[in-house]
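Please keep the sequence and the model open while reading.

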Amino acid sequence: SEIEEIENEIKRIMDEIKELHLMIVSPEHILFDGKVEAVTLPGSRGAFMVLPGHAPVVSTLGEGVVRYRLKNQEEDITGKGGFVEVNNDEMSVCVEV
């Protein structure tokens, strides 16, 4: 049926979605190191989201929540500022917690 075709196409697209390798560190230790689907960051000029395939960027972070999405859940880390670097689906976040 048409609905089954649409569901199969959605599943195929979801299976192809790339992931980011995210490492979040504080001056004291590693807070997270793994694959994620998306990351929302508190940029010093406003919040922004990073998805797989994002252009290379280096940015400062303001105080706020770093939120990353895994398969079926979201996790938050509250930081007092820091910076982020994104390049080739590798993402490094340094935050003061």
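1. Start at K71. K71 touches E19 and E37, leaving aside residues up to four places away in sequence. Contact here means heavy atoms within 4.5 Å. A polar contact of 3.3 Å joins the side chains of K71 and E19. A polar contact is a pair of N or O atoms within 3.5 Å; within protein, one must be able to donate a hydrogen and the other to accept it, and residues adjacent in sequence count only if both atoms are side-chain atoms.

2. A word on the basis. This is a predicted model, where local features need pLDDT of at least 70 and side-chain atom pairs count only at pLDDT 80 or more, while totals for chains, interfaces and linings use all residues. Residues are numbered from 1 along each chain as its sequence is written, and side-chain values use heavy atoms, with hydrogens and water left out.

3. K71 and E19 also form a salt bridge, their closest N and O atoms being 3.3 Å apart. A salt bridge is a side-chain nitrogen of Lys or Arg within 4 Å of a carboxyl oxygen of Asp or Glu. This pair links distant parts of the chain, 52 residues apart. K71 sits in the loop between β6 (64-69) and β7 (74-79), E19 in the loop between α1 and β1. Helices (H or I, at least four residues) and strands (E, at least two) are DSSP runs, numbered from the N terminus.

4. Is K71 buried or exposed? K71 is exposed, with a relative accessible area of 59%. The cut-offs: buried is under 20% relative accessible area, exposed is over 50%, and partly exposed is in between (1.4 Å probe, protein chains only).

5. Now compare sequence and space. K71 and G81 are 10 residues apart in sequence. Their C-alpha atoms are 26 Å apart in space.

6. Which residue forms a salt bridge with D89? The partner is K18, with the closest N and O atoms 2.8 Å apart. This pair, too, links distant parts of the chain, 71 residues apart. D89 is in the loop between β8 (82-87) and β9 (90-95), and K18 is in the loop between α1 (2-16) and β1 (20-25). D89 counts as buried, at 11% relative accessibility.

7. R67 forms a salt bridge with E74, the closest N and O atoms lying 3.7 Å apart. R67 is partly exposed at 35%, and E74 is partly exposed at 47%. R67, E74 and D76 are linked in a network of salt bridges.

8. How many salt bridges are there? The count comes to 5.
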